[in-house]
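Dear colleague,

Please find the structure below, handed over for your own work. The findings follow directly after it.

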Amino acid sequence: MSPGRCGGQAASLPPVTTDAHTIAARTRLGEPLAVAELLGRPGVMRIGHFRLLSGLHTDTFVAFSGIAADSAALDHVAEWMLGTVAAWEPTDVLAPTTAGVGLASTLARRLSARLNLADLSSAGRPQHIIGTSLTPGARVLLVNDIVTTGAGLRALAELVSTADASVTGAAWFVSRAQVNVTAALDAPTVHIADVDA
């Protein structure tokens, strides 16, 4: 896998096949074949019946933990995002304590930014920043793994606002649905792929 960018519109990926199911996906950033390889790894795309944090139900689950366990893969994903997110000049990175922590940590390291984590409520949404709070005036990049409705990123943004800091943008690996996170956060966003799930 080498770093790269997919210019302009989303490009269709080769079909991702798992458990005899074919899943359509499009890349927004990165090399399409490399993104397809990540999504096609064993255990990443799971077929069955799943209830998501959003309350929605699906027969396709994207398990980012199958990618996050590989530091080289995280480096590639972060490299694809770096040109975009570095321009936002974040001083801090904030992520929930889920599978997206690996991506957040890698981006924070590559950006020389401070990593902050938010613990989760019983509903699975970010509720408090662990340890010390954000410094007032901090410029915060929100990071997550998978986005369905954007509610997790909005909860992170509320924590940033409470700390008198500002959201410079948001980054995540896969969108599961068409959702306008940019408008919801009033900040720029970037993600690697869309999965029809």
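Throughout this message, two residues are in contact when heavy atoms lie within 4.5 Å. Helices (H or I, at least four residues) and strands (E, at least two) are DSSP runs, numbered from the N terminus. A residue is called buried under 20% relative accessible area, exposed over 50%, and partly exposed in between (1.4 Å probe, protein chains only).

The model is predicted: local features need a pLDDT of at least 70 and side-chain atom pairs count only at pLDDT 80 or more, whereas totals for chains, interfaces and linings use all residues. Residues are numbered from 1 along each chain as its sequence is written, and side-chain values use heavy atoms, with hydrogens and water left out.

**Confidence and overall figures**

The pLDDT, the predictor's confidence in each residue from 0 to 100, averages 85 over the protein chain, and 82% of the residues score at least 70.

The protein chain has 6 helices and 12 strands. Of its 197 residues, 47% count as buried. Among contacts between residues at least 6 apart in sequence, 61% join residues at least 24 apart. The accessible surface (Shrake-Rupley method, 1.4 Å probe; for residues, only the protein chains shown count as cover) comes to about 8600 Å², of which 52% belongs to carbon and sulfur atoms.

**Helix α4 and its cover**

Helix α4 spans residues 101-111, and its buried residues are Leu-103, Ala-104, Thr-106, Leu-107, Ala-108 and Leu-111. An α-helix has 3.6 residues a turn, so residues three or four places apart point the same way. The cover over the buried residues of α4 includes α3, β7, β8 (114-120), β10 (139-147) and β11. Within this helix, Thr-106 has a relative accessible area of 7% and is therefore buried. Leaving aside neighbours within four places in sequence, Thr-106 is in contact with Leu-74, Asp-75 and Ala-78. Just after α4, Ser-112 takes a positive phi of about 55°.

**Nonpolar cores**

A nonpolar core is a set of buried Ala, Val, Leu, Ile, Met, Phe, Trp, Tyr and Cys residues joined through side-chain atoms within 4.5 Å. The largest has 38 residues, of which Leu-39, Val-85, Leu-103, Leu-107, Leu-141, Phe-173 and Ile-192 touch the most other members. At least two residues of this core come from each of α1 (32-39), α3, β7, α4, β10, β11 and β12. The most is given by α3, with 8 residues. A second, separate core of 20 residues includes Ile-129, Leu-153, Leu-159 and Ala-163.

**Phe-173 and the aromatic pair**

Which residues does Phe-173 contact, leaving aside its neighbours within four places in sequence? They are Leu-38, Leu-39, Phe-64, Ile-67, Val-77, Met-81, Leu-103, Asn-144, Asp-145, His-191, Ile-192 and Ala-193.

The structure holds 1 aromatic pair. Rings of Phe, Tyr and Trp (its six-membered ring) pair if their centres lie within 6.5 Å; planes under 30 degrees apart count as stacked, over 60 as edge-to-face and the rest as tilted. Phe-64 and Phe-173 form a tilted pair, at 5.2 Å centre to centre with 45° between the planes. The two residues are 109 apart and the pair links distant parts of the chain: Phe-64 is in the loop between β6 (57-62) and α2 (65-68), and Phe-173 is in strand β11 (residues 166-175). Phe-64 is buried, at 1% relative accessible area, and Phe-173 is buried, at 0%.

**Ala-193**

Ala-193 lies in strand β12 (residues 189-195) and is buried, because its relative accessible area is 0%. Leaving aside neighbours within four places in sequence, Ala-193 is in contact with Arg-26, Thr-27, Arg-28, Val-35, Phe-173, Val-174 and Ser-175. The C-alpha atoms of Ala-193 and Gly-30 are separated by 8.8 Å, although these residues are 163 apart along the chain.

**Positive phi in two loops**

Glu-89, in the loop between α3 (71-86) and β7 (92-96), has a phi near 55°, a positive value in a residue other than glycine. Glu-89 counts as exposed, at 55% relative accessibility. In the loop between α5 (151-162) and β11, Asp-164 has a positive phi near 60°. Asp-164 is exposed, with a relative accessible area of 58%.

Yours sincerely
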